[in-house]
Amino acid sequence: MAVRRIRQLGDPILRARCERVENPKSAATRLVADDLRDTLRAAKEKYKMGRALAAPQIGAPVRIVFVQIDKQRWSMINPEITDVGPDDFLVWDDCFSFPNLYVRVTRAYAATLTYTDLKGKEHTMQLEGPMAELLQHEIDHLDGILALDRASGLDPFAFRSEWEKAHDRSERYGPRKPREMP
Ligand SMILES: [Zn+2]
């Protein structure tokens with residue numbers, strides 16, 4: 001178990017397409033999941049934000065995501081979005097790999113997620129709102145995609161400190177709207 005350095009924007013590992021995990025029950029998989037948990041705990045303390053980390057953010061290019069919300073936590077191996085609902089919403093997104101920046105992105109409002117846990121058991125979850133956008137963000141990390149790449153609309157970037165002067169945190173989420181087809 002260890003707190004690892006969180007890789008920052010510009011580090012090429014954040015752009016890697018991560019490998020699938022062949023054995024979710026292996027010691028190597030457990031080690032990455034434990035390090036994600038410990039690193040997330042330390043980062044939450046430091047930045048007073050955050051709900052999840054993806055393995056490439058701690059330098060491990062494998063498809064593992066760790067999520068903790070309040071007392072609930074999930075180690076997700078090979079997570080995948082298998083379906084999305086018909087609606088989108090705007091989100092002012094943030095990321096531990098560029099912790100001072102907010103980026104406005106468009107995300108699906110609802111999504112179906114599948115993943116395997118550390119015991120090798122498969123799960124399916126129906127996600128909505130904050131959980132749906134979170135897992136879209138984390139799974140993007142596994143494909144080398146950052147929220148910056150999904151910047152949406154005019155003026156999509158703001159330093160956190162400036163954004164917080166002008167907005168309430170509740171304004172991070174826009175209303176749910178039918179997806180606009182390109
Ligand atoms: Zn991130």
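## Overall architecture

The protein chain contains three helices and nine strands. The model described here is a predicted one. Read from the N terminus, the elements follow the order α-β-β-β-β-β-β-β-α-β-α-β. The radius of gyration of the protein chain is 16 Å, close to the 16 Å that the globule rule gives for 182 residues, and the chain is therefore as compact as a globular protein of that length.

Along the principal axes, the C-alpha atoms of the protein chain occupy a box of roughly 45 × 35 × 30 Å.

## Interior and contacts

Of the 182 residues in the protein chain, 52% are buried. Contacts can also be described by how far apart their partners stand in the sequence. When contacts between residues at least 6 apart in sequence are considered, 70% of them join residues at least 24 apart.

## Surface and charge

The protein chain has an accessible surface of about 9700 Å². Carbon and sulfur atoms account for 52% of this surface.

As for charge, the protein chain carries 29 positive and 28 negative side chains. The centres of these two sets are 5 Å apart.

## The zinc site

Three residues supply the protein donors of the zinc ion: Cys95 through SG, His137 through NE2 and His141 through NE2. These donors lie 2.0 to 2.3 Å from the zinc ion. Along the chain, the donors have the spacing C-x41-H-x3-H.

His137 and His141 are both buried.

Helix α1 covers residues 27-47 and includes Leu36. Leu36 has a relative accessible area of 0%. Since a residue counts as buried when its relative accessible area is under 20%, Leu36 is therefore buried.

Which residues touch Leu36 when its neighbours within four places in sequence are left aside? Leu36 is then in contact with Leu53, Ala54, Ala55, Ile58, Ile64, Val65 and Phe66.

Conventions: Residues are numbered from 1 along each chain as its sequence is written. This is a predicted model: local features need pLDDT of at least 70, side-chain atom pairs count only at pLDDT 80 or more; totals for chains, interfaces and linings use all residues. Side-chain values use heavy atoms; hydrogens and water are left out. Helices (H or I, at least four residues) and strands (E, at least two) are DSSP runs, numbered from the N terminus. The radius of gyration is taken over C-alpha atoms; the globule rule is 2.2 Å times the number of residues to the power 0.38. Buried means under 20% relative accessible area, exposed over 50%, partly exposed in between (1.4 Å probe, protein chains only). Contact means heavy atoms within 4.5 Å. Accessible areas come from the Shrake-Rupley method with a 1.4 Å probe; for residues, only the protein chains shown count as cover. Lys and Arg count as positive and Asp and Glu as negative; His and the chain ends are not counted. The place of a charge is taken as NZ of Lys, CZ of Arg, CG of Asp or CD of Glu. Donors are N, O and S atoms within 2.8 Å of the metal (3.2 Å for Na, K and Ca); water is not among the atoms, so sites may look incomplete.
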